[in-house]
Structure formats: structure tokens, C-alpha cells
Amino acid sequence: MRYQYKTKSTNCFHSKADLLRVLHFDDSIHRDSEAQLNTLAACFGLKFQPTPELVPISQSEQNTQTTTETNDLEDRSSLWPHHSFYYVSQKVPREEWIEEEITQEKEYKPFTRQDFDPQQVKQSTLDPLPYLPITAWRCIWPTIYRCLSRYDQGHAIDIQALTRKISQGQSIRCLPTQPQRHWHPQAHLWLDMDNRLLPLRQDWYWIADQVTRWRGASGLSVYCLRDGILGGHAFKRRSQKGTKLLPVLNEAIENIIPDQSVPILILTDFGAAEEHAQTLCDAWKRLGKYLKRRNIKPTVLLPINKMLSQFQDLKHYYHFVTLDKSQSASIEIAEIQKSTDYQRALALCSLLLRVEFKLFRHIVRHLGLGVMAELAVCQDSMTQQEERYWYFDANQADQVTQLRQQFLTDDLREIVWDLCRRAHQHLPIDIQYEEHQHYTDLTERLGSDESSPQQKLVQRMIATLQDKTTDTSELKASVQLWSRRMCRRISTTDRKTKEFSLLYQLIYPDESELLSGMDVRTFPEDPSAQIGKVICHQENEFLVIAEPLESDEFVQRAPVFELNTKNGKVQYDLYDEKNQLTAQKNLTCVVGARFEIPSGYSAVFYDDVCIQVLIRIKQDGWCETLMQNKEGLCAVFLDAREKEQSAYWVPANEYFVQVDKDTRVILSIDRGFFWRQSEYLNWRTHGFQKPAWATAIGVDEYGLFADWQYESVVQRMRWIQPGLFWMGSPVEEAGRLSDRETLHSVMLTQGYWLADTACTQSLWEAVMGSNPSRFQGRNLPVEQVSWNDVSEFIDRINQKQLGLDFRLPTEAEWEYACRARTQTPYSFGDFIRADQANYYNEDHYRGEPVSVKDLPPNVWGLYQMHGNVYEWCQDWYESEYGSEAVIDPIGPSQGSSRVLRGGSWDGGARFVRSAYRHCCSPEGRRSDFGFRLARGQNTGSQPVQPETEQSSTGAVAEQATER
């Protein structure tokens with residue numbers, strides 16, 4: 001049942017909330033009765049919220065809003081006011097959880113200050129562990145001097161040249177001198193700082209310091225490649241005092257390349273320490289070609305011999321010098337990791353909590369291994385790396401235990417422990433005690449079946465932190481720091497125990513963030529928390545925990561969802577818009593507690609009974625009413641004819657696509673959208689399945705596609721999902737036409753199919769029997785076709801196959817597909833190159849169209865939306881958009897010119913931008929006018945009635961029950 005009433009602007013249909021207002025109030029009732037209305041609305045599961053009025057924004061206000069540079073639609077100020085709405089999208093029963101009691105066989109004593117006595121860890125003055133360079137300085141000094149120097153005239157007389165001149169009877173005007181090497185006044189030193197080379201980072205700094213010491217800092221530029229060659233940026237390093245790093249903001253490698261006379265010395269491995277080295281090798285090769293064009297051939301210091309055999313192509317662009325020649329050139333990192341000596345080195349390191357790269361070099365040198373073993377440890381699946389040290393992954397405890405039992409020997413164990421004490425004697429005493437305790441427990445359990453001593457340590461830590469008999473604040477602080485370090489090392493399996501949960505609560509009493517693998521159901525009971533069933537309702541932008549409701553109790557707001565807890569704790573995981581896990585949090589269920597989920601995010605709540613997926617979305621001004629019904633989350637809005645329409649929310653998730661009778665594949669939708677009711681209900685009934693007009697359907701790296709065939713010609717169509725985007729260009733965009741490209745927000749609530757390429761000449765000939773193109777070729781786009789020619793072409797196709805309903809895309813649909821969720825001038829970024837689009841480029845001008853798939857597609861699988869040929873759109877041309885936000889625009893009802901989009905092979909870069917608009921009369925033909933087919937909702941001069949709309953796909957799919 002609905003109630004209709006007059007507003008200032010139009011007749012509008014409204015929801016049950018407006019009917020409640022009429023039934024509940026009359027003119028004699030004071031406005032204070034608003035609370036009574038809210039109470040009554042809650043009984044129907046509604047929440048009253050006034051609908052904001054759509055007010056157009058002036059051009060000056062729009063320009064102010066568009067000055068912020070961003071590629072993300074959510075970061076721009078919306079042209080619509082918005083509110084948030086929470087709803088549960090999935091609810092799955094959780095497996096029964098069996099509560100386990102903490103079994104404590106004996107009482108553990110708390111730690112005392114005597115446990116941290118220096119004598120307990122056998123601390124004494126030891127010789128510090130020296131740094132072992134990768135090779136002796138005397139071995140690489142001649143190479144570095146030869147690279148960074150040049151020949152100049154010296155002072156010593158050249159006797160041979162003088163004798164030759166005298167014997168030839170030449171007059172001697174000046175005595176010839178012998179050339180002599182001197183440091184070049186300028187020099188460059190590049191250090192590859194990629195994480196795969198962490199063991200060599202100190203060597204790179206050592207070489208840079210030695211060069212600075214012997215040569216001097218004047219004229220020497222030292223650059224660190226922050227993320228290796230693939231990062232493309234560098235920052236400058238001056239080694240005047242120590243290793244101070246002075247950043248140069250985002251300076252590209254190409255900008256720091258000197259003149260051809262300046263020598264360059266590079267310290268890298270060309271990617272040999274990477275499992276997949278080909279990508280890095282290709283990047284260095286491209287840089288080498290660039291340097292060769294400038295007559296520069298740098299010298300490269302390679303850490304191992306292997307690169308001389310693996311990267312022969314790079315010899316054309318670089319001089320190679322090997323630092324460590326002790327190992328064979330054919331050995332691989334995988335072979336090193338399987339060797340007995342390497343596994344023995346890991347077994348020895350497993351006795352330590354952390355292993356500095358300097359310490360590990362001493363260990364591998366003692367075992368006769370070289371630099372390859374140091375690089376192999378960073379590629380090992382059992383290890384985790386920090387900037388200066390590495391440690392074993394807690395989840396690989398079983399493999400580490402096997403290494404100890406198989407390769408650990410007594411004679412080497414004491415040697416490693418002595419090296420560790422020398423390396424760590426500068427650390428605080430509590431850290432040294434922690435290492436000593438770890439080493440002692442492990443050595444005592446060697447050869448026995450005793451379990452890990454972590455439970456014993458955890459119990460003693462708990463006893464210490466709960467001890468109130470004496471003043472041990474300093475001791476508790478040390479134990480608390482120790483506990484925090486140990487929490488990060490415990491495996492995810494051990495984190496599910498109640499002992500660990502109690503320790504975590506003691507050291508992080510106010511921390512809501514959880515460690516991976518923790519389960520708040522193991523946490524102890526919180527006296528202040530609500531235990532049992534609690535409800536959460538929405539209050540403004542927040543969720544608020546309230547007490548459970550009685551069946552006969554009236555409330556002012558409907559609950560969003562319920563939680564069940566035995567200890568007052570609930571755990572939830574937070575996922576971003578790309579469905580990536582960003583945080584794991586715990587929630588204490590205290591009445592009145594408020595919490596919030598970021599807009600666009602989803603939260604997976606784990607309580608004692610079920611798993612619930614909660615989503616927060618925005619209610620924008622385009623939406624008259626937002627409600628939840630049996631079909632899902634529904635938005636009611638007014639179309640272009642002021643008729644009420646409905647759209648349903650489709651959350652980001654994985655959905656099944658029925659390829660054939662026996663085969664299904666998964667379509668991943670990474671961003672939710674509102675879908676027009678007729679299409680949504682079709683989708684809920686049939687799922688994503690092959691349309692009647694298609695010969696095949698499937699999912700690839702770009703998304704959902706369907707193939708359509710006309711005689712022998714196959715055309716692939718891409719499904720473009722509905723969405724919200726910014727049409728036009730911001731005022732700061734280079735090449736912008738301000739009178740044609742006003743930035744405004746557009747909501748598309750209907751999905752559509754769009755051809756992945758412009759119409760080819762082979763398809764045109766198959767349908768029309770002739771080819772009007774100037775540039776002939778079966779795979780070239782058809783050109784020299786007018787808008788009227790295209791209309792006739794589409795009519796012939798639609799008449800031959802009923803239900804096909806092909807058409808041209810609207811201008812809004814074309815730009816939405818071209819942008820593919822970008823807000824930059826091009827879908828490829830802020831700039832475009834000749835290898836990305838066919839346009840007039842002074843350095844690479846083709847002068848004709850290319851095949852429709854010769855250049856790369858955008859991220860939605862659409863080829864050559866930029867350049868090649870202009871593409872006709874369905875709309876009549878309108879010189880100005882206006883700044884008003886619009887829904888499903890179809891352009892003016894009449895005009896003299898039709899819209900063309902995309903630019904062409906004969907136009908400059910500004911004309912192939914996503915926002916650039918062109919027009920021509922429907923009879924116009926040119927050698928750069930083409931088109932691409934679309935299929936979806938009807939787009940005539942008048943909007944379509946809801947009952948006549950066509951579904952763009954067949955639709956619902958089953959949601960995956962597990963995230």
C-alpha cells in the first residue's frame with residue numbers, strides 16, 4: 001500500500017514511513033511527537049530520515065571541489081549529500097565451540113630480579129664481533145679506481161716518445177710527458193637496495209664509504225635505488241659522517257643519469273637472488289639500452305660468479321666484475337638450500353631468536369659457504385626478514401625442529417653461541433636473558449620428546465604480571481616487553497590457547513587489534529561486559545550496543561544485528577573495498593559502547609553462534625528511500641520522467657557463472673553496486689548464465705564476457721556492471737575544454753554489454769555486403785561510416801536475430817567503460833604513449849588505423865577506447881552537460897549532431913582523453929569515424945517504462961558462503 005502526496009516540485013510516490021506520518025499525526029499535534037513516530041516506525045523495521053533536496057552546484061563551487069587530485073571516486077566530495085546504512089549481507093552458522101579449561105599441572109613461580117642478573121647470562125667483556133667484508137678491499141680497489149678515474153697528462157717525461165721524435169728529425173718544442181691516471185672530477189655510484197639483497201646492504205655501504213675515503217666526497221654522487229630497478233626512483237646518500245641518507249623526492253632514475261664522460265659504478269646482482277629473475281633482468285636490459293644510446297657503459301660489481309653465465313645479453317651494456325669467486329657459476333639458490341652445509345647453518349641459527357646478517361656471515365664462512373648462502377636465506381620459506389636481521393617463521397616450527405634433530409652437532413653449537421654473545425653484548429640485559437633462556441631450553445631438550453617450553457614461559461610471565469606481593473614495577477616492565485616480543489613469535493596455532501589469551505590481555509589491556517590466529521572466545525571473562533545475547537542498533541554513523549529487548553517492548557530504532565557471547569568478547573575482521581583483510585579486532589560488549597565500520601568496508605563478525613557479514617554503504621542524495629525487504633537492500637529513486645524506480649544492492653563477492661549445463665566458473669565482483677529492479681530480479685532468478693543471443697560465455701582476467709557470432713565472424717562482448725562515476729574532467733586537467741567537459745556525477749543503475757573492439761570491416765562486410773573503408777583490412781576498424789549508416793547496420797542485425805537488441809552506447813556508458821574506474825585523463829594514467837594508443841604522436845605517427853587488437857586493452861578488457869577511430873554514440877550532442885548529478889542519462893531528445901568519442905589516429909593526445917567530446921551531423925563520414933556495438937536497456941529519446949525494460953544478463957548467482 002502506498003500514499004501519494006504533493007511536493008514543491010513534483011508528484012512522488014513514497015514508502016510506508018510517509019504513510020505512518022499521515023496515520024499518526026494531524027495538524028493539531030505538536031512536533032515533539034516525532035519520537036512517537038520513530039517508535040511506531042521501528043515496529044515496521046523502519047528508521048525515519050528526511051530526504052535531502054537535490055540542489056544544483058554552481059560552476060564555481062564545482063571548480064573548488066574538483067581541485068583535489070585523486071583517482072578514487074570516494075575521495076572526491078560527492079555532488080549528492082550522503083548518509084550511511086548498515087545491513088547484514090550473509091549469516092552462516094558457526095561450528096560448535098567446546099570450551100576447554102586451562103590445565104595447570106603445577107604452580108609456576110614468578111620471575112625475580114635475580115633471574116636477570118648478568119652472571120646468570122654469563123655476561124662478561126667480550127671482543128665485539130667484527131664485520132667481514134664480502135671481499136678484501138685490496139681485491140676490488142684496482143677495479144674501482146680504474147672505473148672512476150681517467151687519463152690526464154702527467155709530469156714524468158716520456159723517454160720513448162722523445163727518442164722517436166729525435167730519431168725522426170723532428171724539432172722539440174716541448175718535452176712529451178707520460179699520461180697518468182687521476183680520479184675523475186665527477187663520478188656516480190648506484191646501490192641496489194632491493195629487499196632480496198638485504199644481506200649485502202652493509203657491504204654496499206662499506207664500499208661507498210671506502211670510495212669516499214680514498215677518492216673524497218667532492219663530485220661523488222651516491223644513489224640508492226630504493227626498491228631496486230623496478231621501483232624507478234632513487235634517493236641520494238652522502239657519507240660525510242656515518243651513513244646519513246638525504247632523500248631526493250621521487251627522483252626517477254632517468255633524471256640522475258650524468259653526461260657520457262662521467263663514469264658510473266653499479267652494485268647489484270641483476271636479479272640473480274630472485275626466484276623469478278627474468279623481470280628484473282629485462283628492466284636492467286632496458287636501462288642498459290638507454291645508457292648505450294647516450295654512449296655510457298657502466299661497470300657493475302656482481303656479488304657472485306653466477307651472473308656471468310646467466311645474463312650474457314647484459315654484457316653488451318655493462319662491464320662485469322665479480323666480488324666473490326669462490327663458488328661455481330652454475331650453482332642455483334635452490335641447490336644451495338638443499339645442501340647439507342646450508343641446512344646445518346639453519347639448524348645452528350635455530351638456537352637463536354634473531355640472526356643479524358653480520359652474524360650469519362660468520363656462521364656460513366665457518367661452514368665453508370659463500371655469499372650464495374646469505375642470499376638464499378632471504379628466499380627461504382622458513383624465514384622472515386627485517387632490515388638488519390632475520391628470524392624463523394613461527395608457523396614453520398615443525399620443520400625447524402626436524403633441522404635441529406638432523407643437523408645440529410655439539411661442537412658447532414658452542415661456537416655459534418659464542419658468536420651470538422659477541423654480536424649481542426650491546427643489547428639490554430633482559431633481551432640477553434631472553435636469548436640465554438631460549439638457548440638453554442632448546443639445548444636441554446635436544447634428543448628428547450619434550451614439548452616446547454613456551455607454555456612454561458607464558459605461565460611464569462602471567463604469574464609475574466599478576467604478582468602483587470612486592471613492588472616489582474621495574475621487573476614487570478621488563479617482563480612485559482619480553483612478553484610483547486614473544487607474542488609476535490608464537491605460532492598461530494599456539495595463539496588460540498587460553499594461556500596466551502590471558503597473557504595478551506595482561507600486556508595489551510586496551511588493545512582492540514588482534515594478532516593473526518587469535519580467537520577471542522579463549523579470552524577470560526570481562527566483569528564489565530554484557531554476557532549472553534546483545535543487540536546492535538545504528539545511531540548516526542555509529543553502531544551502538546544495547547541490552548536485549550523483551551518481546552513486548554517498544555524501541556525507537558530497529559536493531560541491525562544480534563551478537564552472542566559467553567565471555568563478553570566478539571571478534572571481527574575488517575575488509576576493504578578490494579576484499580582484502582586490513583585488520584582483526586575484538587569488541588567488548590559493554591552496553592553503550594560505540595564502534596564504526598569505514599564507509600565501503602565490510603566486517604565479518606565471529607560470535608559463539610554464527611558468522612555475520614556486515615556492510616556499510618552510503619545513502620546518496622539520488623536515493624529517495626533506502627530500505628531492506630525480502631529481496632535485499634532497496635533504493636527508491638526518480639528517473640528522468642519523474643517516475644519512481646527501484647534498484648537493489650549487489651555486494652562485492654564471488655558469484656557463479658553457468659557456462660554450460662555441467663560447468664560453472666566464478667566471477668569476482670570487487671565493488672558493490674545498485675542494480676535496476678527488473679535486471680536484479682532476473683539475476684536472482686536465473687543467475688549469470690549464457691544469454692540466448694550468445695554462442696559462449698565465460699570469465700577471464702578482465703571479467704564476464706559473451707561471444708556473439710554473425711555467419712563466420714565472432715564478436716566478443718564485455719559485461720559492464722552498473723556504478724557511480726565522475727563524467728567530464730577536472731579544471732586542472734591538461735587539454736581540457738571547459739565549455740564541454742563540466743565535471744558531474746553520474747549514476748548508472750543498469751548493466752550493459754559492450755563490444756571489446758570497434759566494429760571490424762569483416763563484420764561490416766558480412767552484414768552489409770560492402771566495405772566503405774578507406775584503409776582496407778579484415779581486422780581493421782570499419783570507417784567512413786555515418787551515424788545513419790550505423791543505424792541501418794544495427795537494424796539489419798536485430799531483424800535477423802530476434803532478441804538481440806544491439807544499439808550504440810550512450811555517451812555516459814561510453815565514458816564509464818573507457819575510464820574503467822579511473823579519474824586520470826587516460827585509463828592508462830596521466831600520460832599516454834604510442835604503444836598504448838594510436839594517435840598523432842610526433843615521435844611515432846602511424847598515419848592510419850591499426851588492427852582492433854594491436855594495442856593493449858584497459859583493465860575491463862576493452863581495446864582502443866583511446867584513439868584509432870572516433871566512435872559514434874547514441875546521444876544527440878549537447879554543448880554543455882551542466883554540473884547537476886544525473887541518473888542513467890540518455891542525452892537530449894533532439895538535436896542536429898550526434899556524439900563521437902575516443903579520438904582517432906589523426907588527432908593529438910588531448911583528443912584521445914577519456915573526457916574529450918566531438919560531434920558531427922548524422923550524415924557525416926570520415927576516414928576516422930567508426931563505432932562499437934552495445935546491448936542493454938533501451939535508450940530512445942524518451943526513458944523506458946519499468947515494465948518494458950530488458951535485462952542485460954541473465955543473473956543471480958550463488959554467493960560463496962565463505963569469504
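## Exercises on helix packing and nonpolar cores

Helices α13 and α14 are oblique to each other, that is, at an angle that is neither under 35 degrees (roughly parallel), nor over 145 (roughly antiparallel), nor 65 to 115 (roughly perpendicular). The model is predicted, so that local features need pLDDT of at least 70 and side-chain atom pairs pLDDT 80 or more, while totals for chains, interfaces and linings use all residues. Residues are numbered from 1 along each chain, and side-chain values use heavy atoms, without hydrogens and water.

**Exercise 1.** Describe the packing of α13 against α14.

*Solution.* Step 1: α13 spans residues 357–366, and its axis comes within 9 Å of that of α14 at a crossing of roughly 130°. Axes are lines fitted to C-alpha atoms, for helices over the stretch in contact, and angles run from 0 to 180 degrees between N-to-C directions. Helices are DSSP runs (H or I, at least four residues), numbered from the N terminus.
Step 2: The crossing is right-handed, meaning that the near helix is turned clockwise from the far one by less than a right angle.
Step 3: Phe357, Phe360, Arg361 and Val364 of α13 meet Ala373, Glu374, Val377 and Cys378 of α14; contact means heavy atoms within 4.5 Å.
Step 4: These residues comprise 6 nonpolar, no polar and 2 charged.

**Exercise 2.** Describe the packing of α12 against α15.

*Solution.* Step 1: α12 (residues 340–349) and α15 (residues 397–407) pack at about 110°, with axes 9 Å apart. This angle makes α12 roughly perpendicular to α15.
Step 2: The crossing of α12 past α15 is left-handed.
Step 3: Thr340, Gln343, Arg344, Leu346 and Ala347 of α12 make the contact with Leu403, Arg404 and Phe407 of α15.
Step 4: By class, the contact holds 4 nonpolar, 2 polar and 2 charged residues.

**Exercise 3.** Characterise the largest nonpolar core.

*Solution.* Step 1: A nonpolar core is a set of buried Ala, Val, Leu, Ile, Met, Phe, Trp, Tyr and Cys residues joined through side-chain atoms within 4.5 Å; buried means under 20% relative accessible area, exposed over 50%, partly exposed in between (1.4 Å probe, protein chains only).
Step 2: The largest core has 69 residues, and Ile144, Leu191, Trp204, Ile207, Leu359, Ile363 and Trp390 have the most contacts inside it.
Step 3: Helix α14 (residues 371–378) gives the most to this core, with 7 residues.
Step 4: Beyond its neighbours within four places in sequence, Trp204 is in contact with residues including Leu191, Met193, Leu267 and Leu323.

Key
Helices (H or I, at least four residues) and strands (E, at least two) are DSSP runs, numbered from the N terminus. Ala, Val, Leu, Ile, Met, Phe, Trp, Tyr, Cys and Pro count as nonpolar, Asp, Glu, Lys and Arg as charged, and the others, Gly among them, as polar.
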